[in-house]
Amino acid sequence: MFQLRIYTLRTPEALAEYAAVHWARHVTTFPAFGVTTHGVWTQHGDQGNRLVALIAYPPGADVGDVTRRVMSSPEFAADMAGFDVADILDVQSTLLDPTQFSPIR
């Protein structure tokens, strides 16, 4: 199961910090919870300060449970240390199943 996550940040500076520091830390934290990061991007243009991430959960995982375990962990707290979470204005997530012909499975 894949999940596309889109984070809207308050300012370009908050986006830059969140991407370069805090999300970069998540990439090394997530595997301990069975979560794989397939890509992390920042959005170009006038549509806001957005970070887009594509992650995957283990087969049969309860996405809500895994998310709760990650977010309540000391590792996640360390990942987010020093970042003002009020700078995250919105998070959208969409669960995705790959098609049979998808190059990412």
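Let's start in a loop: Val35 sits in the stretch between helix H1 and strand S2. The model you are looking at is a predicted one, and its protein has three helices and four strands. Along the sequence these elements come in the order β-α-β-β-α-α-β.

**Val35, a loop residue**
- Although Val35 belongs to the loop between H1 and S2, its relative accessible area is 3%, so Val35 counts as buried.
- Setting aside neighbours within four places in sequence, the contacts of Val35 are Phe30, Ile55, Ala56, Tyr57 and Val66.
- From Val35 to Ala24 there are eleven residues in sequence, and their C-alpha atoms are 14 Å apart in space.

**Strand S3 and its two partners**
- S3 covers residues 49-56, and seven of its eight residues are buried, which leaves this strand mostly covered.
- On one pairing, S3 runs antiparallel to strand S2 (residues 36-42), and six bridges join the two.
- To find this pairing in your viewer, look for Val40, which stands opposite Ala53 in S3, and for Gly39, which stands opposite Leu54 in S3.
- S3 also pairs with strand S1 (residues 2-9), again in the antiparallel sense, and here there are eight bridges.
- Which residue in the hairpin of S2 and S3 takes a positive phi? That is Gly45, with a phi near 105°, in a hairpin that has six residues between the strands.

- Phe2 is part of strand S1.
- Is Phe2 buried or exposed? Its relative accessibility is 7%, and buried means under 20%, so Phe2 counts as buried.
- Phe2 and Pro59 are separated by 57 residues in sequence, yet their C-alpha atoms are 9.8 Å apart in space.

**His26, in a helix**
- His26 is found in helix H1, which takes in residues 12-29.
- With a relative accessible area of 1%, His26 is buried.
- Which residues surround His26, once neighbours within four places in sequence are left aside? Its contacts are Tyr18, Pro31, Phe76, Asp79 and Met80.

**The protein as a whole**
- How does the radius of gyration fit the chain length? For 105 residues a compact globule would come out near 13 Å, and the protein has 14 Å, so the two agree.
- Along the principal axes, the C-alpha atoms fill a box of roughly 40 × 35 × 20 Å.
- Of the 105 residues in the protein, 32% are buried; Val35, Phe2 and His26 are among them.
- Take the contacts between residues at least 6 apart in sequence: 71% of these join residues at least 24 apart.
- The accessible surface comes to about 6300 Å², and carbon and sulfur atoms account for 57% of this area.
- As for charge, the protein has 7 positive and 11 negative charges, and the mean positions of the two sets are 5 Å apart.

Conventions:
Residues numbered from 1 in each chain as written. Predicted model: local features only at pLDDT ≥ 70, side-chain atom pairs only at ≥ 80, totals over all residues. Heavy atoms only, no water. Rg over C-alpha atoms; globule rule 2.2 N^0.38 Å. Buried < 20%, exposed > 50% of the residue type's maximum accessible area, 1.4 Å probe, protein only. Contact = heavy atoms within 4.5 Å. Areas by Shrake-Rupley, 256 points an atom, 1.4 Å probe, with all protein chains shown as cover. Lys, Arg positive; Asp, Glu negative; His and termini not counted. Charge placed at Lys NZ, Arg CZ, Asp CG, Glu CD. Pairing = 2+ DSSP bridges.
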